[in-house]
Amino acid sequence: MRPQDILKPGPSGLACLPGGFHIDPVRPVDRAVITHGHSDHARPGHGAVLATRETLDMMALRYGENFAGTTQAIAYGESVRLGDVTVSCHPAGHVLGSAQMAVTCGGTCIVASGDYKDAYDPTCTPFEVVPCDVFITEATFGLPVFRHPDAAHEVRKLLDSVALFPERAHLVGAYSLGKAQRVIALIRAAGYDAPIYLHGAMEKITRYYEQRGVPLGDLRMVKGMKKADLAGTITLAPPSATADLWTRRFPDPVTAFASGWMRVRARARQRGIELPLVISDHADWDGLVATIGATGAGEIWVTHGQEDALVHWCQTKGLVARPLALVGYGDEDETDDVPGGADAQESEPA
Amino acid sequence: MNRFAELLDRLAYEPGRNNKLRLITSYFRETADPDRGLALAALTGALSFKYAKPALIRDLIAMRTDPVLFALSYDYVGDLSETVALMWPKTDDVLRNNPPPPTLSEVVSTLTTLGKTDMPQQLTRWLDELDETGRWALLKLVTGSLRIGVSARLAKTAAAALGDKDPHDVELLWPGLAPPYLDLFAWLEGRAEKPVNLDPAPFRPVMLAHAIEESDFAHLNPADFTAEWKWDGIRIQAVSGRDADGEIVARLYSRTGEDISQSFPDLLPSLRSQNPSQYKPFAIDGELLVLRESRVQSFNVLQQRLNRKTVTPKLMKEHPIHLRAYDLLSEGDDDLRTLPFTERRARLEAFIARLDDPRIDISPQLEFDSWDAITAIRADPAPAGAGEDAQAVEGVMLKRRDSAYLPGRPKGQWWKWKRDPRLIDAVLMYAQRGHGKRSSYYSDYTFGVWTRDDEGERLVPVGKAYFGFTDEELLKIDRFVRRHTTETFGPVRHVVHEADKGLVFEVAFEGLARSPRHKSGVAMRFPRIHRLRWDKPPREADRLETLEKMLVTETATEPTAIDEAAIGAH
């Protein structure tokens, strides 16, 4: 069977006709296989959902217990039969519970990797290379200008700044699911054991990480804290909150943002970021090309991001490559994670 | 080099002056000689190399990368140095051997001596050895543009803070110092005596005035003060001295102590023009002006002469530069700064008369016996002696007769009393967030006035302002912006601006120039929010025609770079 007869892009997302399901569908479908818990991949309203335990739990936290008709958990290394295909689940190293889904049908194996990274992350299971015939890769950072530095070095920059400006608050914009917990874990690994403060929108998911055995140290809610007491502290907040009314509760805040986009100066400046931290949960350029090579796939489908450059690179290496025109996936750092959006909190802060 | 690169990186993002100071001082504390001294040289613009051209950098990256990937990357990043810094691929050899990055002193000393043919190979080696931030800083250094919002003055102030010294002291010593400033740092760290300034024509820290308020006059006696015009030019210090070989050295300094002599070669001969047998070193505090047929030209005309790297004969002929003296700080071996102003003034008058140079004259004093009299003079300078030069009078200066020449802005000695600013009513059109303490507030405003064109009646932007309002007013404007945003483009909010819906600002400004760069064709000098006119509907705001009438007829073309802060205009 030709690969494009096994998986095919459509208006609802990537459809598997012989298996009767969609992967990360953007509209409600009967059967969905979901790679990870970020809201552009994991949406509510499907009939049946197959995902890792963690992803299912995160969807329940976000959308409520009835986010789907039925759910089925799949563990890393496990396979299930769906229609005429077999789906197996492998760690993607993106966030807690993130998975690559390998779809095998008639001897052809296609790996839909969702979002992934090959860099060190103490808060989730490391990425695993899955040999396959067709590899579907993301391309969020699919330009050779994106080379993420060692995240520990970036966290050191943050801690140096906290030491240099003890009378200011440090406000770190970090996506609530995954990035925030990784940044906290890295701060702890660097030896910082003072309390770390959280924006209210991060509480549930961060507590969930702790329940799943990810130690994050002394975490406190920023709400109710006196302004003066926040001097010299670190607070994590959704990226959109760090540029709005909410920041007025902090003494002369230093605004940081943990994102792969911070590699490019103009992106940091546009957001008014004073302390860009290049920490990404997506593979950088080197990670993308190394992974593509390691899978041994002869054909590469490139989705959301900078497809052009990656497709061009694959072609110069003699690989069959094409952009997969899927719509509806973004980069989580560019989406708003505050319920209703930060600007919805129009009234003056208490 | 990596530590220096980190400093530049951090400075480039930091908007606050005090925070910049802290970053630089902390770098000086943690970095050893001679690297920190070379960093100080780089920040003060004291380094000069034969810079690498962008074409060379393009060539280097073309040898290492796929042209399609480079083009896509450059398109995305939008800055050549940054694109190259980010995508530079290290060779396998380099990755295996991991050679140590160069120190800043290696880079500087190599660049100073390197021939053109060796440049590509040397740059390639460094690009291989440095990380992304290091490569970015290196490319900034070799292309000769740091552009990180740090003035020479700020860097010197940060150095002074290392030893808890007064920045003026560093400024005083500065002309006698050279990179890597080992003697300066030794003094700042208390390891050596203060370096002696052997410069024959040193800068002396400038004395500045406070702006006077109506309420101040009640406490001041007119008999204690002298008055003179406040000219709308560039405040400078003109210094002449003799070096160890007996050669005369002449320099012009901006009020922040930057040597700007090379921009005004036509004035330097006048600073050397004394009869050799009677030559005396001197330091004059005065104003740079452009005079045509002995008439002072407007600031817009003078602006043509600012920030020029090369000064053409044509420019000098059409914009002849002139020094109008206010004060004499030294004459011969005498430091006059401790004398009362009236005594210095007498010395100045005698000195200027003896100098007898057509390019140097003295700023006249104004006769007055009461505050009412000087109020009248300020309100109408022309009949009070300014005549046709009234256009170039920015206000009056009041100086205590007994004032010594003190660095900085000492209390109660000198007062500046500017003429009332020009005012227009303009409509808020767009708003952006500010930085630092204002980071969450919409505090940068673009405002416009009405005009009629093919599309009918509409508002055209005429300027931007981000100060002039109180904290309380800021809160109110911020709230207005948030509630009346019609569209957002990235960080910019379009605020409602229709005939009956919108916010009117009374905007104060100092002058207007024609500007082909602005859609409206005019550019304001020092615009600020003067008053909030919540009471006024936008339809009653001013029209572009009103602004055009305010334009001085004689304004020339747009200057290449208006950077008044850098050159110290006041």
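How many residues does the contact take from chain A, and how many from chain B? Here are my notes, starting with that one.

1. The contact takes 32 residues from chain A and 28 from chain B; two residues count as in contact if their C-beta atoms, placed from the backbone, lie within 7 Å. Keep in mind that this is a predicted model, where local features need pLDDT of at least 70, side-chain atom pairs count only at pLDDT 80 or more, and totals for chains, interfaces and linings use all residues. Residues are numbered from 1 along each chain as its sequence is written, while chains are lettered from A and ligands numbered from 1 in the order in which they are written.

2. On the side of chain A that touches chain B, the elements giving two or more residues are helix H6 (265-270), strand E17 (275-277) and helix H8 (307-316) of chain A. Helices (H or I, at least four residues) and strands (E, at least two) are DSSP runs, numbered from the N terminus. H8(A) gives the largest share, five residues.

3. Now for the sheet in chain A. Seven strands make an open sheet with mixed pairing, in the order E7-E8-E9-E10-E11-E18-E19; two strands pair if DSSP finds at least two bridges between them. E7 (79-82) and E19 (320-323) of chain A stand at the edges with a single partner strand each, so one side of each has no neighbour in the sheet.

4. Zoom in on one pair: E9 (99-105) and E10 (108-112) of chain A run antiparallel and are joined by five bridges. Val103(A) stands opposite Ile110(A) in E10(A). In general, strands of a sheet pair through backbone hydrogen bonds, either parallel or antiparallel.

5. Helices pack on this sheet too. H7 (285-295) of chain A touches E10, E11 (134-139) and E18 (299-305) of chain A, and its direction makes about 175° with that of E11(A). Axes are lines fitted to C-alpha atoms, for helices over the stretch in contact, and angles run from 0 to 180 degrees between N-to-C directions.

6. Ile110(A) turns up again: leaving aside neighbours within four places in sequence, Ile110(A) is in contact with residues including Pro3(A), Leu7(A), Val103(A) and Cys132(A).

7. Finally, chain B: the domain assignment (automatic or from a database) gives domain 1 (2-143), domain 2 (210-418) and domain 3 (422-567). The centres of domain 1 and domain 2 of chain B, taken over C-alpha atoms, are 42 Å apart.
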